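Have a look at the sequence and the structure first, and then read on.

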Amino acid sequence: MISVSRLLSPQFYAIQQRSVVKMSASATQTAGGGVSHGSMAIKPPSHPTYDLKAVIELALAEDAGDTGDVTCMATIPFDMEVEAYFLAKEDGIVAGIALAEMIFEQVDPILKVEWMRKDGDYVHKGLKFGKVTGNAHKIVVAERVVLNFMQRMSGIATLTKLMADAAYPARILETRKTAPGLRLVDKWAVLIGGGKNHRMGLFDMVMIKDNHISAAGGIINAIKSVDEYLTLKNLDMDVEVETRTLEEVREVLEYVSGSKTRVSRIMLDNMVVPLENGDVDVTMLEDAVELISGIVETEASGNVTIETVHKIGQSGVTFISSGALTHSVKALDISLKIDTELALEVGRRTKRA
């Protein structure tokens, strides 16, 4: 198994120093609340109804309530101009820079934001990697919302990078186990970390799971019903079917080989067996991959961790999905400070800078 500490080392990423990059916040947002991709390092996934601007507005309103920032109004002169720096307080992959620009834009379009890193870059503890200049009151009002998004996204991107590198040549996927209301943001962070998105929701891919199979009276009945429905509705989308045993794999393969079907991927669920010594047995998974023999894509699911993903990735599966990328994320510690020297002094005292 690959060492987690080695995966997270600066040498592993070999990130080169970059000059300051100025991104245009106004260019990232369209009038309809969508996202323009002109200045983004990594584009967000598409969604037919998700309004990212509205999500930002909700986050800002949640913080401001019906009174606003009473502490700012009491302590900071409204016309004060300052510079505030983004500080990484631990090593990881930074994500949410483009989203941070959108937030600052919504709070005050005059704020000037500069970056020494871009989404997907490695940052180390103590690094100043961005700066925002302008009205102090507006910067502090935006601070927590910006950091809440960036810290969560950076945590997801960091874990995704670890998993994606360890899983190679298999590709790492997240699942729908995202924070409610933040699915596009969570899945965007996965892309920034080097992963690949699974379906966005219930609308863009057919995924036949255990409950569908049970309700339909068997795995073949479920697949037939899906094929008939897609034909009837003239829908063109991928179909994935979950299998839990080698017998189910054989049933699906027999159907696929003898029928016109939309099935393009077979999920191999919980075919990774944990052992008492902490290792995993992937024999069943390898047998399933050999049976399928490239006829359709394969996806391993269940018992996927940073310790097991490398071994799973060597089994020959096309994809590995992990709900932990988003449902158990540890936020990456990032701060935004006006007095950076004092912040760094305190950070060194507490071993956080």
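Is Arg152 buried or partly exposed? At a relative accessibility of 21%, Arg152 counts as partly exposed; buried means under 20% relative accessible area, exposed means over 50%, and partly exposed lies in between (1.4 Å probe, protein chains only). This is a predicted model, in which local features need pLDDT of at least 70 and side-chain atom pairs count only at pLDDT 80 or more, while totals for chains, interfaces and linings use all residues. Residues are numbered from 1 along each chain as its sequence is written, and side-chain values use heavy atoms, leaving out hydrogens and water.

Let us look at the whole chain. The protein chain has 14 helices and 15 strands; these are DSSP runs numbered from the N terminus, with helices (H or I) of at least four residues and strands (E) of at least two. Of its 353 residues, 50% are buried.

Now for the charges. Side chains of opposite charge can pair when their charged atoms come close. A search of the whole structure finds 14 salt bridges, each a side-chain nitrogen of Lys or Arg within 4 Å of a carboxyl oxygen of Asp or Glu. One of them joins Arg152 to Asp186, with the closest N and O atoms 2.8 Å apart. Arg152 sits in helix H6 (residues 136-167) and Asp186 in helix H7 (residues 183-192), so this pair ties together parts that are 34 residues apart in sequence. Asp186, at 0% relative accessibility, counts as buried.

Helix H7 also holds Lys187, while Glu174 lies in the loop between strand S7 (171-173) and H7. Lys187 and Glu174 form a salt bridge, their closest N and O atoms being 2.9 Å apart. Lys187 is buried, with a relative accessible area of 0%, and Glu174 is buried at 0% too.

Next, turn to helix H10 (residues 246-258), where Glu247 and Arg250 are three residues apart, or about one helical turn. Their side chains meet in a salt bridge (4.0 Å, N to O). Glu247 is partly exposed at 46% relative accessibility, and Arg250 is partly exposed at 40%. Elsewhere, a network of salt bridges links Glu240, Arg265, Glu297 and Glu299.

Finally, what gathers Asp281, Glu286, Asp287 and Glu290 together? These four form a patch of negative charge on the surface. Patches are made of residues with over 30% relative accessible area and no salt bridge, with like charges joined within 9 Å. Helix H11 (residues 283-292) gives the largest share of the patch, three residues.

Conventions. Patches are made of residues with over 30% relative accessible area and no salt bridge: like charges are joined within 9 Å, nonpolar side chains (Val, Leu, Ile, Met, Phe, Trp, Tyr) within 5 Å. Accessible areas come from the Shrake-Rupley method with a 1.4 Å probe; for residues, only the protein chains shown count as cover. Lys and Arg count as positive and Asp and Glu as negative; His and the chain ends are not counted. The place of a charge is taken as NZ of Lys, CZ of Arg, CG of Asp or CD of Glu.
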